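Welcome, and take a moment to look over the sequence and the model. We will then walk through the helices together, one stop at a time.

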Amino acid sequence: MKDGRTKKGKIIALRVVLTAACVALVAFIFYNSLKTGDESAAESNIVTDTVQKIIGFFAPKSWIANATGAEYERLHSYVRTLAHFSEFGLLGALMSWCWRAYTSDKLCLLFPVCLVLFIPVLDESLQFLTAGRVADTSDLFVDTIGGICGLAFATITLIIGKAVLSKKRKGD
């Protein structure tokens, strides 16, 4: 009986952690969307400058380390795009894992997929309402693709995890 309670306790803990991580990430995304255009650009510049310093350490002669003017703007655009893709990729993965912690239903991806399609629209809508910001369809596209890639990654990890556990159980 103790093993059953221990397993149930671990599942509840996993649900709490994954749900909290999803909520925190959505809050972070919306918090960033509510920043003014100047605030957002300043933060992006800090990240871009940091990327330049890191790349400069490993490849001091690269175009990234030495980018100025138009090249810096191109690098800045890449950094912003990668940030959009990464945060929504993480969100897609977290949502998939979280939802799977609650259900083993074969249609368990339906709800996370809907959220991955809805949250970018809401995110860009918030930016449309924020001073100095605009709703950008290319950001919406990158966010959605990132979320879908995150869902796919999580699904693959779940399939692999299930196969490993199944093989382990057969070996016991």
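**A walk through the helices**

With 37% relative accessibility, E43 counts as partly exposed, since that class lies between buried (under 20% relative accessible area) and exposed (over 50%), judged with a 1.4 Å probe on protein chains only. This is a predicted model, in which local features need pLDDT of at least 70 and side-chain atom pairs count only at pLDDT 80 or more, while totals for chains, interfaces and linings use all residues. Residues are numbered from 1 along each chain as its sequence is written, and side-chain values use heavy atoms, leaving out hydrogens and water.

Let us stay with E43 for a moment. Its side chain meets that of K35 in a salt bridge, at 2.4 Å from N to O. The term stands for a side-chain nitrogen of Lys or Arg within 4 Å of a carboxyl oxygen of Asp or Glu. By this rule the count comes to 1 salt bridge. K35 has a relative accessibility of 9%, so it counts as buried, whereas E43 is partly exposed.

Now for the helices. Here helices are DSSP runs of H or I with at least four residues, strands are runs of E with at least two, and both are numbered from the N terminus. Helix α1 covers residues 2–33 and holds A13. A13 is partly exposed, because its relative accessible area is 40%. From the C-alpha atom of A13 to that of D49, 36 residues away along the chain, the separation is 39 Å.

Next comes helix α4, residues 110–128. Its 19 residues reach 28 Å from first C-alpha to last, close to the 27 Å expected at 1.5 Å a residue; the expected span is 1.5 Å times one less than the number of residues. Which residues of α4 are buried? They are P112, V116, I119, P120, D123, E124 and Q127. C114 also sits in α4, but C114 is partly exposed, with a relative accessible area of 43%. Its C-alpha atom lies 34 Å from that of E73, which is 41 residues away along the chain.

C98 and C114 are 16 residues apart in sequence and 14 Å apart in space, C-alpha to C-alpha.

How do helices pack together? Two packed helices are described by the angle between their axes and the distance between the axes. The axes are lines fitted to C-alpha atoms, for helices over the stretch in contact, and angles run from 0 to 180 degrees between N-to-C directions. Helix α3 (residues 69–102) packs with helix α5 (residues 137–171) at an angle of about 40°, their axes 6 Å apart. α3 and α5 are therefore oblique to each other, given that angles under 35 degrees count as roughly parallel, over 145 as roughly antiparallel, 65 to 115 as roughly perpendicular and the rest as oblique.
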